[in-house]
Amino acid sequence: QDGAVFAVGALAELLLPSSSPFASSKSSKGVKMAAKYRGQLEGLMMRFVVPELTASEPHMRLRAAWCVGRYAGLDWTAESNATAAVAGLVRLLGDEAQLPVQAAAAAGLKFLFEQDHESSPVLASALRAVAVPHLAEIVRKYLEIMAKVGSDDVVAGLEALVDAFPV
């Protein structure tokens, strides 16, 4: 399972649109491959990655959080799928026993918060549905994680949250 989720995450740079934060400069062959499989990415995420956000093994939750962040530029089509991914990451922020899992979730959320909400309306709607009702708790969790871990991604995640949902 770990290898499968890692492989899916590693392929993000080849399979996502060039506007994605993890997209690489693609050869013409890479562009064709990306176009061929782009429509299947959401199903792939829902089948292999999002369920691992609730895995019993902490390293699988960490790997799944990393992978969801890598696919922040995914053009979600089903709001329920995007909501499941966002809710899974928000839930992992509260994984008190596993600081590395919390930090991975905070970093993954950073990439989701940074997405252009106008060009990704399904993700934007999912973020509003999951994050807005719990903003105070999410900010508190980010601050707790920042106090324990000196991670630029966690700090940038809080900044992205504030930019995405100014009060």
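This report describes helix packing, the nonpolar core and the salt bridges of the structure above.

## Basis of the description

The model is predicted: local features need pLDDT of at least 70, side-chain atom pairs count only at pLDDT 80 or more, and totals for chains, interfaces and linings use all residues. Residues are numbered from 1 along each chain as its sequence is written, and side-chain values use heavy atoms, with hydrogens and water left out.

Helices are DSSP runs (H or I, at least four residues), numbered from the N terminus. Helix H7 covers residues 99-113, and its end C-alpha atoms are 21 Å apart. This agrees with the 21 Å that its 15 residues should span at 1.5 Å a residue; the expected span is 1.5 Å times one less than the number of residues. Of the 15 residues in H7, 13 are buried (buried means under 20% relative accessible area, exposed over 50%, partly exposed in between, with a 1.4 Å probe and protein chains only).

Gln115 is found in the loop between H7 and helix H8 (121-131). Gln115 counts as buried because its relative accessibility is 16%. Its side chain reaches the backbone oxygen of Phe111 at 3.4 Å.

## The largest nonpolar core

A nonpolar core is a set of buried Ala, Val, Leu, Ile, Met, Phe, Trp, Tyr and Cys residues joined through side-chain atoms within 4.5 Å. The largest such core has 51 residues, of which Met45, Tyr71, Leu112, Phe113 and Tyr142 touch the most other members. H7 gives the most to this core, with 9 residues. In soluble globular proteins, nonpolar side chains tend to be buried together.

Contact here means heavy atoms within 4.5 Å. With neighbours within four places in sequence left aside, Leu112 is in contact with Val68, Ala72, Val86, Leu89, His117, Leu123 and Leu127.

## The buried side of helix H1

In H1, the buried residues are Val5, Val8 and Gly9. They lie on the same side of H1, because they cover an arc of only 100° around the axis; the arc is that of the directions from the helix axis to the C-beta atoms. Helix H2 (12-15), helix H4 (41-49) and H5 are among the elements that cover these buried residues.

## Salt bridges

A salt bridge is a side-chain nitrogen of Lys or Arg within 4 Å of a carboxyl oxygen of Asp or Glu. The structure holds 6 of them. In one, the side chains of Asp2 and Arg63 meet at 2.9 Å, N to O. Asp2 belongs to helix H1 (residues 2-10) and Arg63 to helix H5 (residues 58-70), so this pair ties together parts that are 61 residues apart in sequence. Both partners are partly exposed: Asp2 has a relative accessibility of 28%, and Arg63 has a relative accessible area of 23%.

Helix H9 (residues 135-148) contains Arg140 and Glu144, 4 residues apart, about one turn of the helix. These two form a salt bridge whose closest N and O atoms are 2.0 Å apart. Glu144 also meets Lys141 in a salt bridge (3.7 Å, N to O), and these residues of H9 are 3 residues apart, again about one turn. Through shared partners, salt bridges join Glu137, Arg140, Lys141 and Glu144 into one network. Lys141 is buried, with a relative accessible area of 7%, whereas Arg140 is partly exposed at 37% and Glu144 is partly exposed at 25%.

Note on methods: Helix = DSSP H or I, 4+ residues; strand = E, 2+ residues; numbered from the N terminus. Polar contact = N/O pair within 3.5 Å; in protein donor to acceptor, adjacent residues only side chain to side chain.
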